[in-house]
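Have the structure open as you read.

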Amino acid sequence: MSKLNGHDACPHAIAQNLSDKSPRFCSKEYAGVISRVNEGSLAEELELVPGDKIIAINEQPLRDIIDVSFAMADEEIDLTVEHVDGEREIISFDKDFDEELGVEFESAVFDGIRKCANNCYFCFVNMIAPDMRDSLSIKDDDYRLSFLYGNFVTMTNMGPADFKRIEQFHLSPLYVSVQCMNPELRAQMLRCKGAARITEQLENLEKAGAEYHTQIVLCAGLNDGEELERSIREIAARRPHALSMAIVPVGITKYRTDPYPLQQFDREGAARVIDMVEKWQKKFQQEEGRTFLYLGDEFYFLAGREVPPTEFYDGFPQLDNGIGLTRSFINDWNLTSQNSDMSNGYDEPFVIDVVTGTAVAPVMEQLAKSLQVKNLQVRIVPVENKHFGSTVNVSGLLTAKDIIDTLQSMPEADKRQALIIPEPALRAGEDIFLDDMTLQEFAAHFPNIRVEPVQGGADYYHALTGWSTYHKNRSGETAYTWQSNAGYTKPVE
């Protein structure tokens, strides 16, 4: 959902019925459909309800919540509303400059998500199972969602009007899928002639006053090696507009049908990437005291190496992209353990099973073994992803069916007394797995056993050391979501 937080207000509102009138201010209009009205908000005092549609503010048509936010900055407001019953009215009121409407919309963009026009070799959306929900197959390439939520965009569908709006509304930072700086190779990889204009597009962002984070989905034998060296060199030269650069390994599911023969990284290939990137990281640290360039955790898992220390991540600017996720998880665990009283343990032997993707299972095992809790037995349960294919090994892409099958077939399953699942396997803000099974339906397969999700290291620590009092309240949380143009892999056998 899309939010605009409200504040207490005492508006003097005047309503004008428009049921017999047509709007005079635009030839084409879009509507922001309200899904929730925040308690104590300006919208609540205006008696707006879910299902009402915001049509315009001060006769300004609205394309998205960005327009709403800027239009609501005025102190005198004429709000054009279409109520659930179809009646239209203009509600006129005064407000303080910093008072917002206080609603959530069904969508952040009212005129529709701008779709991706590329056909990338590595597009993960094209590798989704055919029987999964439609929302997983949406290929967005919308700079507004990049600004609002950190979605990566290729910019191949952007024109002068878009850059003008970025400048006008100060939409910064954005998140750019670069893939490589070689124009011909980028056009080839994205299967889009306009993709060759990457340097020009980055210059347009900079002229608009925008900063940006960048990402490269690295494909073995394609945009690695000398091509990666070139990309790092040219993107780094765009600092300070370029804020960071992330490199993640391509992932391939068993549903991929694209004829281009993508190659995944093996253990030696991942090690070569790490060694090359570390040279650049040291150079950047010497130049400006920060790393700037980061690798996805999967490279370190593939190579069998430890993830870098905290200081390498410069405050984790691409954590929502999964960069530094493991180190952040460990940090949360360590901080919680240092600031928590030692657990008195359990009065009787207590067995907790911990579900995880195969990639991070060793980390979960190591942390659990560091505990000294009386009568506690922790069993790490790595789940092979049979739905997407075994080379997809992150916890966030596990389906309920694969988890259930693994748990029911494991030795001594009857000894299980508690069950921990990874929260990223659930849809952000909802108790639903990728295969549309609800958490309640999942739990029904394990009667008399409480099932709890964990998100970070603090959750994990509290769940293991104090199961009787641990409960995860997921309301208002946003879990790490999969980036559609990247994949995570395990070593190729």
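## How the helices pack

Helix axes here are lines fitted to C-alpha atoms over the stretch in contact, and angles run from 0 to 180 degrees between N-to-C directions. Helices (H or I, at least four residues) and strands (E, at least two) are DSSP runs, numbered from the N terminus. This is a predicted model, in which local features need pLDDT of at least 70 and side-chain atom pairs count only at pLDDT 80 or more, while totals for chains, interfaces and linings use all residues. Residues are numbered from 1 along each chain as its sequence is written, and side-chain values use heavy atoms, with hydrogens and water left out.

Start with helix H10 (residues 325-338) and helix H11 (residues 361-369), whose axes come within 12 Å and cross at roughly 10 degrees. Angles under 35 degrees count as roughly parallel, over 145 as roughly antiparallel, 65 to 115 as roughly perpendicular and the rest as oblique. H10 and H11 are therefore roughly parallel to each other.

Helix H4 (residues 160-168) packs against helix H6 (residues 198-207) at an angle of about 30 degrees, with the axes 9 Å apart. H4 and H6 are therefore roughly parallel too, and H4 passes H6 in a right-handed crossing.

## Nonpolar cores

A nonpolar core is a set of buried Ala, Val, Leu, Ile, Met, Phe, Trp, Tyr and Cys residues joined through side-chain atoms within 4.5 Å. Buried means under 20% relative accessible area, exposed over 50%, and partly exposed in between (1.4 Å probe, protein chains only). The largest core has 70 residues, and Phe-122, Ile-166 and Ile-247 touch the most other members. Helix H8 (residues 267-288) gives this core its largest share, 8 residues. Another core, of 26 residues, lies apart from it and includes Ile-352, Leu-376, Leu-464 and Tyr-470.

Now look at Leu-407, in helix H12 (residues 400-409). Leu-407 is buried, with a relative accessible area of 0%. Its C-alpha atom is separated by 8.6 Å from that of Val-383, 24 residues apart along the chain.

## Aromatic rings

Rings of Phe, Tyr and Trp (its six-membered ring) pair if their centres lie within 6.5 Å; planes under 30 degrees apart count as stacked, over 60 as edge-to-face and the rest as tilted. The model has 17 aromatic pairs by this rule. In one of them, Phe-433 and Phe-442 are tilted, at 5.1 Å centre to centre and 40 degrees between the planes. Both Phe-433 and Phe-442 are buried. Elsewhere, ring pairs link Phe-329, Trp-333, Tyr-460 and Tyr-461 into a cluster.

## Backbone points to check

Most residues other than glycine have a negative phi, and most peptide bonds are trans. Phe-292, in the loop between H8 and strand S12 (293-295), has a positive phi near 70 degrees. Phe-292 counts as buried, at 0% relative accessibility. The charged end of Arg-239 sits over the ring of Phe-292, 5.4 Å from its centre (the rule asks for NZ of Lys or CZ of Arg within 6 Å of the ring centre and within 35 degrees of the ring normal).

Arg-239 also has a cis peptide bond to Pro-240, with omega about 10 degrees. Pro-240 is in the loop between helix H7 (225-236) and strand S11 (242-249). Another cis bond runs from Ser-172 to Pro-173, with omega near 0 degrees.

How values were computed
Left-handed = near helix turned anticlockwise from the far one by under 90°.
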